[in-house]
Amino acid sequence: MESKRLTLPGQWNYEKAYGQADKIARERLAGIDDIEAQCRRSGTEYRVEGDQKSIIVRYLDRPYRISLPGGEIALVDGAAEVPVRDRILILHYFLRAKGTPLSNNLITLRELPEGSGYFPTFFNRTSQPILNHFGKNPALLIDASRGMGGYPADLGDTAVTIKAFTYVPITIVLWRGDDEFPAQGSVLFDATISDYLSTEDIVVLCETITWKLIRYVREMEKPAS
């Protein structure tokens, strides 16, 4: 891994690679001269409480605190440990944010830099699992997304938009399948998303959202005790 790249690690040696990515991101955070300006660009809150300084970031509809200068991350309203992949995504979003206004022009992963190369992994880890679990009952997607602040979008048979970060809406669109035709789906992004996350980060973010949605379905399917 290149020391200056803000990317999430590949398949090899996850623990070491994630640890390195986390370390690099925190070093980059400590090197920012104007934190308040970067908060404005990322739509986050700069907070000073006594001698404690922090950044409040909303991620999947929950507030997280980035402590300064060290870059430790914790939920504002909970004591649960934040998974390393989530910590890296939060830091990468904050560090990369350019403050570009949303365009409301939706694009697919293939239209992102190197998106075609990432597409097979993206399809296997995001698109196909969504189709498997929601293709026959797209309306369930709306209920499953509410825990992440999802709201209906006027696309396909069913669509939801989940605001992963302030400037990163993710829209999932489904067309219901039947006996003759399989269900179809698409994941769409605002055309400005590359000003906030790398394509690799986007793939990991969408995988994270997918498995949160699927976890909801599995909880619903558990037999009542």
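**Close-ups of a predicted model**

View 1. Threonine 126 sits in helix H4. Leaving aside residues up to four places away in sequence, threonine 126 touches Val187, Val203, Cys206, Glu207 and Thr210. Serine 186 is 60 residues away from threonine 126 along the chain, yet their C-alpha atoms are separated by 9.7 Å.

View 2. Is each partner buried or exposed? Glutamate 207 counts as buried, at 13% relative accessibility, while arginine 125 is partly exposed, with a relative accessible area of 25%.

View 3. Zoom in on arginine 26 and aspartate 22, whose side chains meet in a salt bridge (3.6 Å, N to O). Both residues lie in helix H1 (residues 14–30), four residues apart, or about one turn of the helix. As a rule, an α-helix has 3.6 residues a turn, so residues three or four places apart point the same way. Aspartate 22 is buried, at 8% relative accessibility, whereas arginine 26 is partly exposed, at 28% relative accessible area. How many salt bridges turn up in a search of the whole structure? The search finds 10.

**View 4. The four-stranded sheet.** Four strands make an open sheet in the order E1-E2-E3-E4, with antiparallel pairing. Strands E1 (45–49) and E4 (73–75) are the edges, each pairing on one side only. From one strand to the next, the twist averages 30°. Look at the E3/E4 pairing: strand E3 (residues 62–68) and E4 run antiparallel, joined by three bridges. Tyrosine 64 has leucine 75, in E4, as its bridge partner.

**View 5. A salt bridge between glutamate 45 and arginine 47.** The side chains of these two residues meet in a salt bridge, with 3.1 Å from N to O. How accessible are they? Glutamate 45 counts as partly exposed, at 36% relative accessibility, and arginine 47 is also partly exposed, at 24%.

**View 6. Helices H2 and H3 against the sheet.** Helix H2 lies across E1, strand E2 (52–59) and E3, and runs at about 140° to E1. Helix H3 (residues 84–96) packs on the sheet too, touching E2, E3 and E4, and its direction makes about 100° with that of E2.

**View 7. Helix H2, end to end.** At the start of H2, aspartate 34 reaches out with a side-chain oxygen to within 3.4 Å of the backbone nitrogen of glutamate 36. Which residues of H2 (residues 35–42) are buried? They are Ile35, Ala37, Gln38, Cys39 and Ser42. Just after the helix comes glycine 43, which takes a positive phi of about 70°.

Conventions
Residues numbered from 1 in each chain as written. Predicted model: local features only at pLDDT ≥ 70, side-chain atom pairs only at ≥ 80, totals over all residues. Heavy atoms only, no water. Salt bridge = Lys/Arg side-chain N within 4 Å of Asp/Glu carboxyl O. Helix = DSSP H or I, 4+ residues; strand = E, 2+ residues; numbered from the N terminus. Buried < 20%, exposed > 50% of the residue type's maximum accessible area, 1.4 Å probe, protein only. Polar contact = N/O pair within 3.5 Å; in protein donor to acceptor, adjacent residues only side chain to side chain. Pairing = 2+ DSSP bridges. Axes fitted to C-alpha atoms, helices over the stretch in contact; angles between N-to-C directions. Contact = heavy atoms within 4.5 Å.
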